[in-house]
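My entries follow in the order I made them.

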Amino acid sequence: MEARSPAGQRVWNVACDLFYREGIRSVGVAEIAERSGVGKPSIYRNFESKDRLAVAYVEAQAAPPRTWLEEARAACPDDPSAQLEYVIGAIADRISEPDFRGCPLANACVEFPDREHPVHRKAGALKAEYLEMLVELITPLPVRDPQGLAYMLQMLVEGANVTTQIFSADRSAAALKEAAARIIRSYLDQ
């Protein structure tokens, strides 16, 4: 993590909380300044622009998926199937948390539909990286088309992120695990 001045850290904490709870576009620099107690000039000195702050926020939100994958490998060192199940379980646990408001990367892509916008580009690149890490976990399994399976699982995760916002979080988490297991079975080489 980048070292920040105390004022920069206050801005960072407030911006991350507001961006996640209320959305990046709906939060202005004036609101961040007011809630953090840091003047706008200081915010711009620390982060250059709201877009740069938003890109840094999106990048910081990508850490948990990488951590889940590393933890899965450590928890189940010689069992690729258990590693994949571990990751799906970690995602299901996360979407069940009371403060969960959807995947911050997907939320950023929805808020910034222009694929050339820096926030969308960063969130999309991180999602692509996540997809590649899923492929890496799936490749040792005896499945046909590891990339196709990874894409199906990614779609399932994105759907669970959304249904959690509409329906029961617990039901969405349970459905994610069940549907993932069914899809994985359907890809196993028979």
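I began with contacts. Among contacts in the protein chain with a separation of 6 or more, 64% join residues 24 or more positions apart. I noted alongside this that the model is predicted.

Next I looked up secondary structure. I found 10 helices and zero strands in the protein chain. Along the sequence I read the pattern as α-α-α-α-α-α-α-α-α-α.

Then I turned to overall dimensions. The C-alpha atoms fill a box of roughly 65 × 30 × 30 Å along the principal axes. For the accessible surface I have about 10200 Å². Carbon and sulfur atoms hold 54% of that surface. I also checked burial: 45% of the 190 residues in the protein chain count as buried.

I have 22 positive and 27 negative charges in the protein chain. Their mean positions lie 6 Å apart.

My last entry is on one helix, H9. It runs over residues 146–166, which is 21 residues. From first C-alpha to last, H9 reaches 30 Å, close to the 30 Å expected at 1.5 Å a residue.

Which residues of H9 are buried? I listed Pro146, Gly148, Leu149, Ala150, Leu153, Gln154, Val157, Glu158, Ala160, Asn161 and Thr164. Glu158 is on that buried list, and I marked it along with Gln154 and Asn161, also buried.

What covers the buried residues of H9? The cover includes helix H6 (80–95) and helix H7 (104–111). It also includes helix H8 (118–138) and helix H10 (169–187).

Definitions and conventions: Residues numbered from 1 in each chain as written. Predicted model: local features only at pLDDT ≥ 70, side-chain atom pairs only at ≥ 80, totals over all residues. Heavy atoms only, no water. Helix = DSSP H or I, 4+ residues; strand = E, 2+ residues; numbered from the N terminus. Expected span 1.5 Å × (residues − 1). Buried < 20%, exposed > 50% of the residue type's maximum accessible area, 1.4 Å probe, protein only. Contact = heavy atoms within 4.5 Å. Areas by Shrake-Rupley, 256 points an atom, 1.4 Å probe, with all protein chains shown as cover. Lys, Arg positive; Asp, Glu negative; His and termini not counted. Charge placed at Lys NZ, Arg CZ, Asp CG, Glu CD.
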